[in-house]
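Please find below some notes for a colleague who has not looked at this structure before.

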Amino acid sequence: MKVNGKPTRTIWLQSDGESVGIIDQTQLPHRFVTLTLETLADAAQAIAGMQVRGAPLIGAAAAYGVWLALREDASDENLERACATLLATRPTAINLKWALDEMAAAVRNRPRSERAAAALARAGEIADEDVANNQALGRHGCKLIEEIAARKNGKPVNVLTHCNAGWLATVDAGTALAPVYTAHDAGLAVHVFADETRPRNQGASLTAWELGQHGVPHTVIPDNTGGHLMQHGMVDIVIVGTDRVTAQGDVCNKIGTYLKALAAADNDVPFYVGLPSPTIDFMLSDGLAEIPIEQRAPAEVAMMTGKTKDGRIETVQVVPDGTAVANYAFDVTPARLVTGLITERGVIAANRAALAQAFPERVGNRLQSNA
Ligand code: MRU
């Protein structure tokens, strides 16, 4: 996608060929800042500190982190240490483990002298595959928007989304927002309601920023507004991203997604989930029982950061001193509330048979690892 008109990805190999560039997403929307990652510790810190975030981007950043580690020491022990360090950064998005498994498989059986080069090559492929997957799911999801547009006689299609599952959450192109960008670029009238998504406000700060950069009309709404809009026919379709989808189609995503799915079901609004296939975890079935839900620092709830009238970035406390807060980062939407999964292989039902049919090679992996 473009930033101030310049094609930009969220992660890239720096021109020196020795380090990795990222956008520091904790600085958006008020400052566009890029950072350089030179070591395993830099990559792990960037993921844990959410300078890079969003399931597919976390996976790509971890892949480059393995390369940075192997450049310094390509031993088996260091490969193991790098994967363990990166895996410990965030627990919920399965793309992280998927990418680490891919990296280990790409280097493990090679002589040490070849490992760093092989790791860099596989990290680059993981990044490129993410972009291709997202562009493909964007084309499939665009058809859903087209069908609604055809019924609306040129009036904008209103899409509600939660958190940020745009290009900033991926290497490029986005997941939930990929169909929106594809539709907008094709000349369809689309308008996005972006939930602000407390506590970290990724909707207000990131989704609004990237939609604005791309010229897509949008409105930020408080998290509790979606149900009201749906009751009044103001939402045509909900499209969210996901951090992990289980083999039976349960969807884990940013906290509050489940409430949007309930409201959508109650109001007959279609509820779709956009995802590239590395987000599917065929090892798990029951999302509620089995997906680890990250709990983050209480300060993310107790404090808010924003720009003052005179342009300073300030962080302020919004609860009384000493208040106990809970900060669950994700929730699980049961498959029964999901109208469909928008993947790079088409729009499929959120159930075990449809997922297995669409991605048979991944189900095979599960059987092998259970054997
Ligand atoms: O905590 P984050 O910002 O990494 O969480 C990201 C999300 O939950 C996104 O909404 C998302 O759908 C997964 S990334 C496409």
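1. Asn201 has a relative accessibility of 12%, and it therefore counts as buried, the cut-off being under 20%. In this predicted model, Asn201 sits in the loop between E7 and H7. Its phi is near 60°, which is a positive value in a residue other than glycine.

2. Pro199 lies in the loop between strand E7 (190-195) and helix H7 (202-214). The peptide bond that leads from Arg198 into Pro199 is cis, and its omega is near 10°.

3. A cis bond is also found at Pro29. The peptide bond from Leu28 to Pro29 has omega near 10° and is cis. Pro29 belongs to the loop between strand E4 (20-23) and strand E5 (34-37).

4. Met50 deserves a look for its backbone. Although Met50 is not a glycine, its phi is positive, at about 60°. Met50 is part of the loop between helix H1 (40-48) and H2. With a relative accessible area of 3%, Met50 is buried.

5. Next, the ligand. Which residues come nearest to the ligand, of the 19 around it? They are Gly54, Arg90, Asp243, Asn253 and Lys254. By class, the shell is made up of seven nonpolar, eight polar and four charged residues.

6. A polar side-chain atom of Arg90 is 2.8 Å from a ligand oxygen. Polar backbone atoms take part too: one of Gly54 lies 2.9 Å from an oxygen atom of the ligand, and one of Thr242 lies 3.0 Å from an oxygen atom of the ligand. How much of the ligand does the protein bury? Taken alone, the ligand exposes 410 Å², and the protein buries 100% of that.

7. The space that the ligand takes is the largest cavity. Helix H2 (55-72) and strand E11 (251-254) are the elements that give two or more residues to the shell around the ligand.

8. Asn253 is in strand E11 and, at 5% relative accessibility, counts as buried. The C-alpha atom of Asn253 is 12 Å from that of Ala169, and the two residues are 84 apart along the chain. Asp243 is in the loop between strand E9 (237-240) and strand E10 (244-246). Asp243 has a relative accessible area of 8% and is buried. Asp243 and Asn95 are 148 residues apart along the chain, while their C-alpha atoms are separated by 7.5 Å.

9. Ser75 lies in the loop between H2 and helix H3 (76-87). Is Ser75 buried or exposed? At 6% relative accessibility, Ser75 counts as buried. Its side chain makes a polar contact of 2.9 Å with the side chain of Asp73. A polar atom of the Ser75 side chain is also 3.1 Å from the backbone nitrogen of Asn78.

10. Thr10 is in the loop between strand E2 (6-7) and strand E3 (11-13). Its relative accessibility is 0%, so Thr10 counts as buried. A polar atom of the Thr10 side chain lies 2.6 Å from the backbone oxygen of Thr170.

How values were computed. Residues are numbered from 1 along each chain as its sequence is written. This is a predicted model: local features need pLDDT of at least 70, side-chain atom pairs count only at pLDDT 80 or more; totals for chains, interfaces and linings use all residues. Side-chain values use heavy atoms; hydrogens and water are left out. A residue is near a molecule or strand if one of its heavy atoms lies within 4 Å of it. A polar contact is a pair of N or O atoms within 3.5 Å; within protein, one must be able to donate a hydrogen and the other to accept it, and residues adjacent in sequence count only if both atoms are side-chain atoms. Accessible areas come from the Shrake-Rupley method with a 1.4 Å probe; for residues, only the protein chains shown count as cover. On a 1 Å grid over the protein atoms alone, a cavity is a set of points where a 1.4 Å probe fits but cannot get out, and a pocket is an open set with protein on both sides within 12 Å along at least five of seven lines; lining residues have an atom within 4 Å of a point. A molecule sits in a cavity or pocket if more than half of its atoms lie within 2 Å of its grid points. Helices (H or I, at least four residues) and strands (E, at least two) are DSSP runs, numbered from the N terminus. Ala, Val, Leu, Ile, Met, Phe, Trp, Tyr, Cys and Pro count as nonpolar, Asp, Glu, Lys and Arg as charged, and the others, Gly among them, as polar. Buried means under 20% relative accessible area, exposed over 50%, partly exposed in between (1.4 Å probe, protein chains only).
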